[in-house]
Amino acid sequence: MPHAADPRIDAYLAKAAPFARPILAHLRALVHRAVPDAAETIKWGMPFFTVENTPLCNFAAFKAHTAFGFWRRDITEEFEKLHANGTAMGAAGRIASLADLPADKVIVTFLKQAAERTRAGLPPRPKRKIAPRRPLRVPADLVAALKKNKTAAATWAKFSYSHRKDYVEWITEAKRPATRATRLATTLAWLAEGKTRNWKYERC
């Protein structure tokens, strides 16, 4: 069932620059054509349209251009790849006239997709592929030292990847052999006491 027009959006359009009014009115009509049950509201001082109380899209008027955007990041990214026309707020870029807008059927299609995904409860941002963690390369001198110190080796075995990495980086970043030897000895001593590399800064 279509929602009633929000008088605040009527007022927003009335105050917009003359060039912006037909653009915003056209976008407003397209939203309701694509998603008849989209509700109108004002958020952050801009006209918004929502589906099931979740933001769907919005538009705004500025001194020399207007902007239109989707709330969902996945829809925005898909839209921008095909139809963005410059650097400006909103998925469609800088809109100074109706001619700057993509075809009506394009906007309607993306609006319908955004509404469908919102109703389905799909996450608004695509899941990022997490690169597999690189195996930690433990230097040979540390490996040899751990084999000779069972207590330190036991702590090392229990430590997380990040705690081990802290020690490995500290040792391998030493520029002089003497410095490296000192850090290696300190590492063994601290491990034998169950301490992490940054134990001095950890709260008790």
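W190 counts as buried, at 15% relative accessibility, where buried denotes under 20% relative accessible area, exposed over 50% and partly exposed the range in between, computed with a 1.4 Å probe on protein chains only. The structure is a predicted model, in which local features need pLDDT of at least 70, side-chain atom pairs count only at pLDDT 80 or more, and totals for chains, interfaces and linings use all residues. Residues are numbered from 1 along each chain as its sequence is written, and side-chain values use heavy atoms, with hydrogens and water left out.

A search of the whole structure finds ten aromatic pairs, a pair being rings of Phe, Tyr and Trp (its six-membered ring) whose centres lie within 6.5 Å, with planes under 30 degrees apart classed as stacked, over 60 as edge-to-face and the rest as tilted. Among them, W44 and F48 pair edge-to-face, at 5.6 Å centre to centre and 65° between the planes; W44 counts as exposed at 63% relative accessibility, whereas F48 is buried, with a relative accessible area of 3%. W190 and W199 likewise form an edge-to-face pair, with 5.7 Å centre to centre and 80° between the planes, and W199 is partly exposed at 29% relative accessibility. Ring pairs also link F68, F70, F79 and F110 into a cluster.

The ring of W199 additionally has the charged end of K195 over it, 3.7 Å from its centre, the criterion being that NZ of Lys or CZ of Arg is within 6 Å of the ring centre and within 35 degrees of the ring normal. The charged end of R197 sits over the ring of W170, 4.2 Å from its centre.
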